[in-house]
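Here are my notes on this one, written as a walk-through you can follow with the viewer open.

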Amino acid sequence: MTEGRDGGESADQAEATRIAEVAVDTPLLHLDRPFDYTIPRDLAGAGSPDDVVPGTRVKVRFAGRDRDGWVLAVRDRGPQDDGRTLQPLRRLVSPVVTLTPTIVALARAVADRYVGTLTDVLRFAVPSRHARAETGVLTALEKAGEPAGTVAPSTRPDPPTDPGGWARIHGGEALLRRLAAGEAPRAVWTHLGGPDSARAMIALAARATRAAGRSVLVVVPDVRDVDRIAPVLSEALGEEVVRLVASDGPSVRARAHLRALTGLARVAVGTRSAVWAPLVDLGLVVCWDDGDDSYAEQRAPYPFAPQVLAMRAEPERTALLYGSVGRSVWSHHLVATGWAAPLRADRATVRALTPRVHALDEEDVARTGAPARVPTPVWRAIGDGLEHGPVLVQSPRAGYVPHLVCAQCREVARCSATPGCDGALAFTDTSRDPVCVVCGELATRWRCVECGSTRLRAMRVGVRRTAEELGRAFPRTLVTASEAGSLTLEVDRRPRIVVATPGAEPEAEDGYAAGMLLDAPLATSLPGLTGGEEALRRWFNAASLVRADRPVLIAGGGDVRLAQTLVRWDPDGEADRELAERRELHFPPTVRAITLTGGLDAVTDLLMEIDLPEGAELLGPFPAPLEGPASGGRQRRSGAAEPETEAAADTVRALVRAPLAAGAELSSAVRTGMAVRSAHKREGTVRVVVDPKDW
């Protein structure tokens with residue numbers, strides 16, 4: 001191990017007989033290794049040197065500064081340490097062990113795969129210390145008659161006797177039996193029905209696992225899903241269910257982490273950070289809607305939560321269940337390689353439990369009049385659906401009129417009110433004049449720079465404008481708009497029209513009586529490698545909210561193959577076709593791919609330091625696409641986006657890829673190159689993303 005830096009050791013330190021191996025919190029890749037520090041007898045924060053054990057937090061002196069660190073191991077001082085100059089630990093932050101060996105091993109594997117440092121991963125894997133939460137958990141352990149540092153015993157519910165919705169799924173009842181026996185099956189489940197039945201089936205799987213005495217973790221895309229499934233699990237299991245959600249605040253998250261760590265809680269539910277939950281004897285992990293891009297971590301090294309769960313399952317002998325209405329290409333790859341088993345219903349059951357989907361074509365529109373954004377069949381279907389309950393209308397664009405063009409030459413209307421702004425103009429429902437989406441200035445005297453026209457045309461209509469138009473068409477009907485920033489969570493069974501962006505659709509009591517998917521060409525033109533997959537995921541999620549045997553209409557045309565996939569309700573078949581195409585083109589998940597984005601000099605310098613493994617190939621560098629809202633970049637869970645057509649002038653991107661068998665070697669090669677740049681303090685930064693969803 002490496003010596004702790006800065007200065008020599010005192011006479012008191014020379015008498016120290018134990019040494020701590022510490023992971024020091026530093027983002028530099030060439031320093032991503034344990035450092036040795038002596039454990040002084042009078043260490044601040046510790047009652048005795050024995051309080052310093054693996055998994056505790058410490059403060060150390062490193063490169064002239066006090067830094068946070070994690071104790072990874074403790075050993076006696078030996079002959080190999082003679083003559084070494086070691087720094088002492090500065091302080092024991094807390095004697096409570098908050099990092100388990102299994103989480104350390106997982107974090108190390110994730111850091112290696114995604115080309116990051118161990119402490120980068122631990123930073124979002126373990127919540128910050130909260131003294132009050134720590135004291136409360138220790139008090140709860142004492143009341144339970146368990147000393148600190150031990151695991152509280154748990155009660156076991158009876159296994160479920162009724163398989164519920166699992167009886168309709170091939171292999172569903174076998175899954176419950178294996179979970180109740182304490183086994184660790186891995187499966188990809190294609191769900192039929194609404195979200196209520198999905199939550200009930202997850203609760204049955206959790207109950208079977210708890211009957212074997214093992215813990216359960218459920219990971220969902222966002223906080224709304226946590227709020228919905230947590231009470232279902234609590235009622236079904238009759239025990240505490242802790243939430244692991246960053247928005248709950250440091251105290252709540254730290255308390256939940258410690259209760260899971262000590263065994264006081266054996267069931268946890270949360271968003272992407274919950275994949276690191278230190279549950280005792282983890283028996284089942286459920287990941288719902290694994291294709292949602294909310295699972296992509298936004299901090300380096302950008303791990304993908306479902307992949308982290310797959311990396312966790314085998315070493316911990318944990319059952320793993322990926323569930324969704326559709327089927328992501330990534331989870332289908334797990335089935336195709338035999339790593340996971342498929343759980344799905346037969347075609348007769350599919351037809352009985354799904355809505356009737358119809359994709360309007362040109363002939364349908366021609367028979368009913370001139371082409372329109374909302375053709376006559378859609379108006380009729382909405383009117384008929386309102387006789388039976390609420391109707392869902394999905395509009396892929398947020399806002400009011402978020403995209404304006406010149407009415408004469410169709411040039412995109414851009415801001416001229418603020419010098420150098422050049423932002424796109426849009427209409428809002430609070431202003432009669434166009435507004436710049438970047439600087440917010442009113443464009444009261446706009447004139448087209450190409451033709452000089454002063455007339456504007458709505459190229460895209462947002463969800464609020466759609467709701468306004470439907471309200472005029474159905475004046476006696478309540479119309480509700482739901483989008484990011486103004487979400488509607490639930491609606492009752494009374495007739496109403498609900499207009500929502502993808503991912504913002506509220507659940508309806510007893511389901512919707514009809515569903516309309518507007519602007520299909522826009523919905524199916526998402527940018528990037530996974531654009532079609534994401535479009536289907538949004539459609540399937542919206543259509544699943546509609547009652548069985550009720551109508552769902554796709555309006556506007558769009559990608560015929562995607563529309564017919566929804567009509568046939570065949571997500572598995574489309575995932576299989578998409579996977580075959582990616583295999584032929586050498587795209588993820590059939591290969592390990594890594595993008596390197598940064599300035600041309602920095603990317604070129606890094607490529608010179610990378611020794612690519614056999615079979616790997618390099619694409620680029622090429623101009624990197626613009627990112628961010630001003631460029632029309634992808635919006636998460638709140639609507640579609642324009643394809644990226646422009647490139648940044650000073651940023652490039654290179655892609656290196658290799659067969660899966662050489663994936664670990666490729667990550668190691670890129671990691672080595674990054675470490676060389678870090679050690680030599682090379683100028684420029686390079687953003688490294690492993691297996692990006694979009695290139």
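How are H2 and H9 oriented to each other: parallel, antiparallel, perpendicular or oblique?

1. Ground rules. This is a predicted model, where local features need pLDDT of at least 70 and side-chain atom pairs count only at pLDDT 80 or more, while totals for chains, interfaces and linings use all residues. Residues are numbered from 1 along each chain as its sequence is written, and side-chain values use heavy atoms, with hydrogens and water left out.

2. The overall picture. The chain has 20 helices and 29 strands (DSSP runs numbered from the N terminus: H or I of at least four residues for helices, E of at least two for strands). Of its 695 residues, 54% are buried, meaning under 20% relative accessible area, with exposed over 50% and partly exposed in between (1.4 Å probe, protein chains only). Take the contacts (heavy atoms within 4.5 Å) between residues at least 6 apart in sequence: 75% of them join residues at least 24 apart.

3. Back to H2 and H9. The axes of H2 (residues 101-113) and H9 (residues 305-313) come within 10 Å and cross at roughly 130°. Axes here are lines fitted to C-alpha atoms, for helices over the stretch in contact, and angles run from 0 to 180 degrees between N-to-C directions. So the two helices are oblique to each other: under 35 degrees is roughly parallel, over 145 roughly antiparallel, 65 to 115 roughly perpendicular, and the rest oblique. Among the residues that meet are Leu106 and Val110 in H2 and Val308 and Met311 in H9.

4. Another pair to look at. H6 (residues 195-211) and H7 (residues 223-237) have axes that come within 9 Å and cross at roughly 45°, so they are oblique too. Residues meeting here include Ile202 and Ala206 from H6, with Ile229 and Leu233 from H7.

5. Zoom in on threonine 56. You'll find threonine 56 in the loop between strand S3 (35-38) and strand S4 (57-62). Threonine 56 is buried, because its relative accessible area is 0%. Its side chain reaches the backbone oxygen of valine 53 at 2.7 Å. Leaving out residues up to four places away in sequence, threonine 56 touches several others, including Trp70, Leu92 and Pro95.

6. Cysteines. How many disulfides does a search of the whole structure find? The count is 0, with a disulfide taken as a pair of cysteine sulfur atoms within 2.5 Å. Cysteine 287 is buried at 0% relative accessibility, and cysteine 448 is buried at 5%.

Terms used
A polar contact is a pair of N or O atoms within 3.5 Å; within protein, one must be able to donate a hydrogen and the other to accept it, and residues adjacent in sequence count only if both atoms are side-chain atoms.
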